[in-house]
Amino acid sequence: MTNFVSELLKLKRSIMLLLIPLATIAPVILSLVPSYLEYRTTGNMVDTNQLFQGNVVFLNLLIGIPLFTLITGEIFVREYQLKTINDLFTSPGRRIQFLLNKLMVIFVYIVLTFAFSMCLTLIVAGLGAQSNIVSSLTSEVVLSYLQLYGVSILMQFSLIPITVVVSIMTKNIIAPIIVAIFGVIVTGIGLGSQWVAFFPWAVPTRIVFALTDYGNYGDLNFVLSIATLVIIFLLALLLSMFLYEKTDVNGD
């Protein structure tokens, strides 16, 4: 627990902490603005379900992958660049525990990002409903999307070990960012294809599309998609543990 708290305190002094408010606001704006412009043009009320749907989609597709990759790279690569990895590896405690503590911090980041964004969407929907701009907010919509946000958190976290492996192997924050950009681009191009069920970066967005009936993307094999994420998560986690254990005290 002490190591976990120390990891959180490190990020308190990092600019990464400022990314959470930005990541919280951006998907809300992206989902609200088009609907509001349509309301101004046609007079049709903004659909509350559409606000939440757009928010969770943008979080998974455009915001989550690059943001959480950047945070993960910062957490792991920083130790090598500042040479504090030498002190870390010579201090009491198993290296695997240090790695798991870092993963726990990243998980907290993911939870906070999704939780704050959902709360902001709730506030916007509530204020919009009072102004007769947004349709009434129902408990059914809130509960259904609360579950979807929870699933999204787990799916985004399942991608983190891939970034950890790239970060440990390259000791450079640019490499995992390149991988994330590649993942987002390929996901955007292939969302309508069946092979996305096997492409880990596309699976969270594609599952959200299927669960919210977002667009016309055809059927999705949920078993294959979830199995892909689980297998990738476990393999990358085991590989990251192996690499972290085998790295020498100088971080080479």
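**A helical protein, question by question**

Student: What share of the 252 residues in the protein is buried?
Tutor: This is a predicted model. Buried means under 20% relative accessible area. Of the 252 residues, the buried share is 47%.

Student: How many helices and strands does the protein have?
Tutor: Read along the sequence, the pattern is α-α-α-α-α-α-α-α-α-α. The secondary structure comes to zero strands and 10 helices.

Student: Where is confidence lowest in the protein?
Tutor: The average pLDDT is 83, and 85% of the residues score at least 70. Helix 7 (residues 160–170) has the highest confidence, at 93. The lowest mean is 61, in helix 4 (residues 85–90). Where pLDDT is low, the predicted coordinates should not be read in detail.
The place asked for is helix 4.

Student: Why does the span of helix 6 agree with its 20 residues?
Tutor: Helix 6 covers residues 139–158.

Student: Which helices do the buried residues of helix 6 pack against?
Tutor: The buried residues of helix 6 include V141, Y145, L148 and F157. They pack against helix 3 (48–81), helix 5 (95–130), helix 7, helix 9 (203–212) and helix 10 (222–246).

Student: Does I29 count as buried, partly exposed or exposed, and why?
Tutor: I29 sits in helix 2 (residues 19–42). With I25, V33, Y36 and L37, I29 makes a nonpolar surface patch of about 420 Å². I29 has 45% relative accessibility, so I29 counts as partly exposed.

Conventions:
Residues are numbered from 1 along each chain as its sequence is written. This is a predicted model: local features need pLDDT of at least 70, side-chain atom pairs count only at pLDDT 80 or more; totals for chains, interfaces and linings use all residues. Side-chain values use heavy atoms; hydrogens and water are left out. pLDDT is the predictor's confidence in each residue, from 0 to 100. Helices (H or I, at least four residues) and strands (E, at least two) are DSSP runs, numbered from the N terminus. The expected span of a helix is 1.5 Å times one less than its number of residues. Buried means under 20% relative accessible area, exposed over 50%, partly exposed in between (1.4 Å probe, protein chains only). Contact means heavy atoms within 4.5 Å. Patches are made of residues with over 30% relative accessible area and no salt bridge: like charges are joined within 9 Å, nonpolar side chains (Val, Leu, Ile, Met, Phe, Trp, Tyr) within 5 Å. Accessible areas come from the Shrake-Rupley method with a 1.4 Å probe; for residues, only the protein chains shown count as cover. A salt bridge is a side-chain nitrogen of Lys or Arg within 4 Å of a carboxyl oxygen of Asp or Glu.
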